[in-house]
Amino acid sequence: MKVIKNETIPGKAACAHSLKNVLDALYVLNGKWKLPLILSLVQSPKRFKEIQHEITGISSKVLANELKDLELNDFITRNVYPSTPVSIIYEATAYSRTLKNVLAELSAWGEQHREKVKQSMRKQAGVQKQSLIN
C-alpha cells in the first residue's frame, strides 16, 4: 500500500475486491427508486397507494416492479391479509435495516452536495451580476 498525504491507498487486489463489492451492491440497489422505497418502508409498513403517495414521481408500473425486485432480494415482505377487499401491506425486513448506515451516509452526503450546488449557483449568479455591472 502507498501512503499519500496521510491517506493509505489500497493495493491492486484490495481495490479490485472493493470494486467487486460495490458493483454487487449497486446491482441489487440499482435505479433511483430502490433506496427511497427501502427508506420509506423502514419508517413504517405501508400499502401500495401510501407508498406511491409518499414517493412522488413514481408510476404504478415502476412501483410494482421495484417492489417485486425488493421482495425477491429479501429487502421487503409483501403481507396479504384476507379481508374484503384484500389488504396488502409492504414491510421492510431485518435485512433491509442493515442498510441503515449506508442510508445515513447517503443522506448526509446528499445534504452536503445540495449545499455545495447552492453555493456554486450563488457564486455563478454573483459573477453574472458583476459582468452585467461592468
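Five salt bridges turn up in a search of the whole structure, a salt bridge being a side-chain nitrogen of Lys or Arg within 4 Å of a carboxyl oxygen of Asp or Glu. The model is predicted, so local features need pLDDT of at least 70 and side-chain atom pairs count only at pLDDT 80 or more, whereas totals for chains, interfaces and linings use all residues. Residues are numbered from 1 along each chain as its sequence is written, and side-chain values use heavy atoms, with hydrogens and water left out. Helices (H or I, at least four residues) and strands (E, at least two) are DSSP runs, numbered from the N terminus.

**Salt bridges**

- Lysine 20 and aspartate 24, which both lie in helix 1 (residues 12-28) and are four residues apart, about one turn of the helix, join their side chains in a salt bridge of 3.4 Å, N to O.
- Lysine 46 forms a salt bridge with glutamate 54, with 3.3 Å between the closest N and O atoms; lysine 46 is buried, at a relative accessible area of 7%, while glutamate 54 counts as partly exposed at 36% (buried means under 20% relative accessible area, exposed over 50% and partly exposed in between, with a 1.4 Å probe and protein chains only).
- Arginine 122 forms a salt bridge with glutamate 115, the closest N and O atoms being 3.8 Å apart; arginine 122 counts as exposed at 52% relative accessibility, and glutamate 115 is partly exposed at 33%.
- A network of salt bridges links Lys34, Glu66 and Asp69.

**Helix 4**

- Helix 4 (residues 60-72) has 13 residues and reaches 18 Å from its first C-alpha to its last, close to the 18 Å expected at 1.5 Å a residue, where the expected span is 1.5 Å times one less than the number of residues.
- The buried residues of helix 4 are Leu63, Glu66, Leu67 and Leu70; they cover an arc of only 100 degrees around the axis, which puts them on the same side of helix 4, the arc being that of the directions from the helix axis to the C-beta atoms.
- On the other side of helix 4, Lys61, Lys68 and Leu72 are exposed.
- Helix 4 is followed by aspartate 74, whose phi is positive, near 65 degrees.

**Aromatic pair**

- The count comes to one aromatic pair, under a rule by which rings of Phe, Tyr and Trp (its six-membered ring) pair if their centres lie within 6.5 Å, with planes under 30 degrees apart counted as stacked, over 60 as edge-to-face and the rest as tilted.
- The rings of phenylalanine 75 and tyrosine 95 have centres 5.1 Å apart and planes at 25 degrees, so the pair is stacked.
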